[in-house]
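Trainee: Could we go through the aromatic residues and the nonpolar core of this model together, taking one question at a time?

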Amino acid sequence: MGYNKVPCIAFFLWQFISFSLPYHSFATEVDANATAQLLLDASKGSSRPIPDTLFGIFFEEINHAGAGGLWAELVSNRGFEAGGPNVPSNIDPWSIIGNETFLIVSTDRSSLFDRNKIALQMEVLCDTQGSNICPSGGVGIYNPGFWGMNIEQEKSYKVVFYVRSTDAINISVSLTSSDGLQSLASANVIASASDVSNWTRKEVLLKAEGTNHTSRLQLTTAKRGVIWFDQVSAMPVDTYKGHGFRNELFQMLAEIKPRFIRFPGGCFVEGEWLRNAFRWKETIGPWEERPGHFGDVWMYWTDDGLGYFEFLQLAEDLNALPIWVFNNGISHQDQVDTTSVLPFVQEALDGIEFARGNSSSKWGSVRAKMGHPEPFNLKYVAVGNEDCGKKNYRGNYLKFYDAIKHTYPDIQIISNCDGSNGPLDHPADFYDFHVYTSANDLFSKAHKFDQTSRNGPKAFVSEYAVTGNDAGKGSLKAALAEAAFLIGLEKNSDVVQMVSYAPLFVHTNDRSWNPDAIVFNSSQVYGTPSYWVQRFFVESNGATLLNATVKTNSSAQLIASAITWQSEDGKTYIRIKVVNFGNSSVNLSIDVTGLDPNSELLTGPTKTELTSTNLMDENSFAEQKKVAPGNPKTLPEGGMDVVLNPYSLTSLDFLKKTVSLGMWEADASSKSSI
């Protein structure tokens, strides 16, 4: 996250920013004399193609974006590993049902799995008879998930756990309300002592009889004995394609039709220390065998159910190209000397083979065993994140570059170093550019790449956002500045070839960073205005950029672009996008040239607008679309004069038709402004 203005290591400063700003209404601030003209050249000679990959997404494990978010696992700390490898250890957020009179809960290192040795031991002291009778409902442990599990009536949930005991067991597996008083679904697991004398996998399917958005999973018993638990999982059955992704969060991504996904970070890749960096080999294979790790930048544990394989699968499910960011031997606090970096280089080569190798290769065969015999379409890798300028980056980078190009010459390699102001001192296919700043500054940066050299590596603007007081938790003001910036990047898409916003997701109970594109809790989700801005650019990927120039008689803050794009039914449209970043309405006149007078005609347009009554308006769970595009409105035929409201993003779609000369002549008088 954000080295251009705000480095990730300073993320905590956001905790102290106040977002209480004065009310800025602009409904009545209209300058009747503000006019502007948009000169649009639609000729083929002045147009050029926009890359298919221009707009995508960047996923980082921050704000519980994956653990407790997109990854649908309901249990937090499912393997009891979050407390560390030593015992006794903290089992948080697991809690105990019953007091020490009835049971003693501890941890030991008796797990079946070599890479995650911690297991939970539950010594039950009470029984159904005798002097120490268990309380009604039994005793045991429960897990609240990530600030409550969303359990919905009639839906099914698969619970898997590993158990062993010295005695016969009778365990109640149940989903309940947060206080345990309302039972939503339950089943009993009964086994003889001989059946569970060794670690045994148990699975139950629970169908909910009620709905509760802050539920918990309970494992209870009323039978005396010693029981060990390990690797306890609860997953909704209805994840996207059964791939483990939470449906409504996946859908939010699918609706912006990203052409690439950069993953898994961000600072998450680096780690505060290398010992806590994301290591892809630790995140593949059966979920029970993954050790998990503590993300020491964003300060929470992840079981790594959302691992390297799942990220590649996510890209495929979204029809997006994967862009893998790997660690290059550098964290925030320590780094490997270039003379010692070759093991890290081999890790990267192995990771590429896992994604691309055939099913008979060493790592391709591991992928095949996970259910994906065909290679993933990995074409891009980034060597580190925000590491340019660190002592060993250039030396390390060259080791990675040479090794990857030797083995995979078609792989496109992304450098952390910014090449927008001058040539890089090392080879690269792309350079990474990050910017987090104020609204006014980002608006001005719409022209950042106007003078950038068209020779050499292309730009990847992989992280951008308005932050600080202008942004709040996702304001209209921030979104409009971002829209202007994106228009500038679209107009410079001959050098800027990939763009993504950051961060993508935030769980409302873990706001490590503000703002974010998509906000969620256990049961709800909404897009911030910044998310809705991205929806305006969906059709730009692979479209044709037209030459559009704005002329104004005032100090109006306008920026515009125009594209030609095709709908799924084969119709061709010209889309004009305009940001009015001022507090006055502007009367915009559109003048289109370059159409073939013998065969081309524009009809419509339809108008879509993003605005609100207050510049700092935000969306919320209560008002999820307070700041969102309204329904498209059809303007009068031939309407080439449009009012741009204050602080607004306006999109105009004209249907481009092929007509006969006679029809053109008949319509010429009414289309004279074209």
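Trainee: Leaving aside its neighbours within four places in sequence, which residues is tyrosine 308 in contact with?

Mentor: Bear in mind that this is a predicted model. Once the neighbours within four places in sequence are left aside, the contacts of tyrosine 308 include Trp324, Gly351, Phe354 and Leu378.

Trainee: In the largest nonpolar core, which residues touch the most other members?

Mentor: That core has 126 residues, and helix 8, spanning residues 476-491, gives the most to it, with 11 residues. The members that touch the most others are Tyr308 and Phe505.

Trainee: Is phenylalanine 505 buried or exposed?

Mentor: The cut-off for buried is under 20% relative accessible area. Phenylalanine 505 has a relative accessibility of 1%, and therefore counts as buried.

Trainee: What is the angle between the planes in the aromatic pair of phenylalanine 505 and phenylalanine 520?

Mentor: Phenylalanine 505 belongs to strand 24 (residues 505-507) and phenylalanine 520 to strand 25 (residues 518-520), so their pair ties together parts that are 15 residues apart in sequence. The two rings are 6.0 Å apart, centre to centre, in an edge-to-face pair, and the angle between the planes is 85°.

Trainee: Over which ring does the charged end of arginine 216 sit?

Mentor: The charged end lies 3.7 Å from the centre of the ring in question. That ring belongs to tyrosine 142.

Methods. Residues numbered from 1 in each chain as written. Predicted model: local features only at pLDDT ≥ 70, side-chain atom pairs only at ≥ 80, totals over all residues. Heavy atoms only, no water. Core = buried A, V, L, I, M, F, W, Y, C linked by side-chain atoms within 4.5 Å. Buried < 20%, exposed > 50% of the residue type's maximum accessible area, 1.4 Å probe, protein only. Helix = DSSP H or I, 4+ residues; strand = E, 2+ residues; numbered from the N terminus. Contact = heavy atoms within 4.5 Å. Phe/Tyr/Trp six-rings, centres within 6.5 Å; stacked < 30°, edge-to-face > 60°. Lys NZ or Arg CZ within 6 Å of the ring centre and 35° of its normal.
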